[in-house]
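Have the coordinates open as you read, and follow along heading by heading.

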Amino acid sequence: MPILGAMPRLFLLDGTALAYRSHFALMRSSLTTPEGTPCGATYGFALTLNKILEGEQPDRVAIAFDPPGKTFRHKQFAEYKATREKAPEEMVAQLPWMRELVRALGLPLYEVAGYEADDVIGTLALQAASEGWDVLIVTGDKDFMQLVGPRVKLYNVFKQGEDVRIEAEEAVAEKFGTTPDHVVDVLALMGDSSDNVPGVKGIGEKGAIKLIGQFGSLDALLERLDEVKGKAREHIERDRAILELSRQLVTIHTDVALDPAFAELPAPRPDPQAQTELYQRLGFISLLKKIQ
């Protein structure tokens with residue numbers, strides 16, 4: 001049953017994250033096209049999209065992918081994401097099919113040069129929320145918790161053992177011990193090894209949560225640094241410049257110029273012919289039967 005509310009709903013999907021999730025979930029499935037090309041990631045991607053469209057019946061949907069090349073964050077910090085492993089070739093080879101599927105389902109697809117999918121989603125989320133829409137961001141990424149608010153929630157299909165988990169402000173407090181507007185403060189202190197965000201060396205997640213919980217914000221912490229006890233103060237003093245850089249790196253931008261902007265987003269308009277042709281080519285018999 002769809003999660004219904006009084007206001008219209010916008011679903012925003014991180015296409016890159018969903019591609020990764022689908023790849024690793026089905027990499028041992030041995031699913032191939034009739035020609036023998038691996039297609040498991042695309043199948044998992046299609047299942048999730050169809051499940052949301054059919055089960056939730058959203059008023060609007062948009063999907064953002066990370067564009068090829070570097071982003072503005074690489075200009076701020078050349079080593080940004082430098083430690084991340086190269087994307088699996090089998091998944092990368094299927095990204096054109098995933099993009100084709102998005103278009104066949106009649107959904108807007110964003111790839112904005114110089115920005116990550118996070119920034120596109122953040123921009124659309126705030127635009128929609130300001131217009132009174134309820135926004136659900138389909139993600140398992142903790143960074144998106146900085147966007148949570150009265151009208152913005154996370155729709156987490158990445159939680160192992162759970163079909164879907166709706167994460168609101170209570171989930172932010174549970175995860176970070178603070179409010180959404182101070183999630184970036186915790187992230188900046190603790191850093192992020194997956195994105196190679198340095199943070200403050202010697203302060204981990206628990207320490208960061210404790211400090212922000214004690215002082216309320218990163219700015220207040222820095223103003224009252226003399227009140228911090230032990231090695232933590234030395235670590236912060238040593239890495240103060242890096243800390244400010246880290247805060248910039250983990251902050252999702254919400255002012256990306258988008259075409260279309262939220263106000264011009266069309267309602268989902270699936271193209272049965274395009275879906276049929278794609279599913280036949282990939283050998284997705286169960287999805288093909290649904291259309292027929």
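## A loop residue to begin with

Glutamine 57 sits in the loop between H2 and S2; helices (H or I, at least four residues) and strands (E, at least two) are DSSP runs, numbered from the N terminus. With a relative accessibility of 53%, glutamine 57 counts as exposed, where exposed means over 50% relative accessible area, buried under 20% and partly exposed in between (1.4 Å probe, protein chains only). Its phi is near 50°, a positive value in a residue other than glycine.

A word on the basis of all this: the model is predicted, so local features need pLDDT of at least 70 and side-chain atom pairs count only at pLDDT 80 or more, while totals for chains, interfaces and linings use all residues. Residues are numbered from 1 along each chain as its sequence is written, and side-chain values use heavy atoms, with hydrogens and water left out.

## The sheet and its strand S1

Six strands form an open sheet with mixed pairing, in the order S3-S2-S1-S4-S5-S6. The edges belong to strand S3 (109-110) and strand S6 (165-167), each with a single partner strand, so one side of each has no neighbour in the sheet. Strands pair here if DSSP finds at least two bridges between them.

How many residues of strand S1 (residues 9-14) are buried? Six of the six are, so S1 is largely enclosed by the rest of the structure. Both of its faces are covered, with Arg9, Phe11 and Leu13 buried on one side and Leu10, Leu12 and Asp14 buried on the other. S1 pairs in the parallel sense with strand S4 (residues 134-138) over five bridges; phenylalanine 11 stands opposite leucine 136 there, and leucine 13 opposite valine 138. S1 also pairs in the parallel sense with strand S2 (residues 60-64), over five bridges, and alanine 64 in S2 is the bridge partner of aspartate 14.

## Helices on the sheet

Helix H2 (residues 40-56) lies across S1, S2, S4 and strand S5 (152-156), and runs at about 170° to S1. Helix H6 (residues 117-130) packs on the sheet too, touching S1, S2, S3, S4 and S5, with its direction at about 175° to that of S1. Contact means heavy atoms within 4.5 Å. Axes are lines fitted to C-alpha atoms, for helices over the stretch in contact, and angles run from 0 to 180 degrees between N-to-C directions.

## The largest pocket

The largest pocket has a volume of about 1300 Å³. Of its 45 lining residues, Thr16, Ala17, Tyr20, Asp66 and Arg84 are the closest to its centre. H1 gives the largest share of the lining, six residues. On a 1 Å grid over the protein atoms alone, a pocket is an open set of points with protein on both sides within 12 Å along at least five of seven lines, and lining residues have an atom within 4 Å of a point. Grid points are joined across faces, edges and corners, and a volume is the space filled by probe spheres set on the points.

Asparagine 196 has a positive phi of about 60° although it is not a glycine, and lies in the loop between helix H8 (183-190) and helix H9 (205-215). A cis peptide bond, with omega about 5°, joins aspartate 259 and proline 260. Most residues other than glycine have a negative phi, and most peptide bonds are trans.

Terms used. On a 1 Å grid over the protein atoms alone, a cavity is a set of points where a 1.4 Å probe fits but cannot get out, and a pocket is an open set with protein on both sides within 12 Å along at least five of seven lines; lining residues have an atom within 4 Å of a point.
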